[in-house]
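Have the sequence and the 3D view to hand as you read.

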Amino acid sequence: MAKEYKITSLRLQDLEKELNYLKTTREREIAAMIAEARSYGDLSENSEYDAAKNEQAKLYGRIAELEDILSHAVIIEDENEATGRVGLGCTVVVEDVKTGVQTTYTITGSQEANPMEYKLSDDSPFGRAAVGKSEGDVFMVNAPAGSYEMKVIKVSREG
């Protein structure tokens, strides 16, 4: 069975826009680059032609990747809204039990995860441990750097 990509409807729209741009505008730009490079003559020693063909290969690779994601996308909105539990699309404030430091994370699908923006995948060690928890629950995160305990302070929905 093909992998499912859990994404929000907003992310789905972004991916569709990117795919449309790549298939129209960017593809024409690269075709023009290849045509110009061909006009320089001998292709065997033509670095501009090689660069344009490499760019075209990257473009087609990204188009294929986006088409795969979009064909296997699962929209994750409002999954746990009524329950008040941590789930995809939730923003959760947690406190490190040992240090007392509070941090706010958003739980996302793997396609939207960006730890630098505090967006963690539900497939990450933190995400797997936090999903399903409610305010006041304490849970153990088994991360590669070691285990630690976290307490759920608040669960809310994005935007």
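## Overall form

A residue is called buried when its relative accessible area is under 20%. In this predicted model, buried residues account for 33% of the 159 residues in the chain.

Three helices and seven strands make up the elements of the chain, and from the N terminus they run β-α-α-β-β-β-β-α-β-β. The radius of gyration is 22 Å, well over the 15 Å from the globule rule for 159 residues, so the chain is more spread out than a compact globule. Along the principal axes, the C-alpha atoms fill a box of roughly 70 × 35 × 30 Å.

## Contacts and surface

Of the contacts between residues at least 6 apart in sequence, 52% join residues at least 24 apart. The chain exposes about 9600 Å², with carbon and sulfur atoms supplying 49% of that area. There are 19 positive and 29 negative charges, and their mean positions are 3 Å apart.

## An aromatic cluster

With ring centres within 6.5 Å taken as a pair, the count is three aromatic pairs. One of them joins Y105 and Y118: this pair is tilted, at 5.8 Å centre to centre and 55° between the planes. Y105 sits in strand β4 and Y118 in the loop between β4 and β5, 13 residues apart. Y105 is buried at 17% relative accessibility, whereas Y118 is partly exposed at 45%.

F126 and F139 form an edge-to-face pair, with centres 5.7 Å apart and planes at 70°. This pair ties helix α3, which holds F126, to strand β6, which holds F139. Both F126 and F139 are buried. Ring pairs link Y105, Y118, F126 and F139 into a cluster.

Conventions
Residues numbered from 1 in each chain as written. Predicted model: local features only at pLDDT ≥ 70, side-chain atom pairs only at ≥ 80, totals over all residues. Heavy atoms only, no water. Phe/Tyr/Trp six-rings, centres within 6.5 Å; stacked < 30°, edge-to-face > 60°. Helix = DSSP H or I, 4+ residues; strand = E, 2+ residues; numbered from the N terminus. Buried < 20%, exposed > 50% of the residue type's maximum accessible area, 1.4 Å probe, protein only. Rg over C-alpha atoms; globule rule 2.2 N^0.38 Å. Contact = heavy atoms within 4.5 Å. Areas by Shrake-Rupley, 256 points an atom, 1.4 Å probe, with all protein chains shown as cover. Lys, Arg positive; Asp, Glu negative; His and termini not counted. Charge placed at Lys NZ, Arg CZ, Asp CG, Glu CD.
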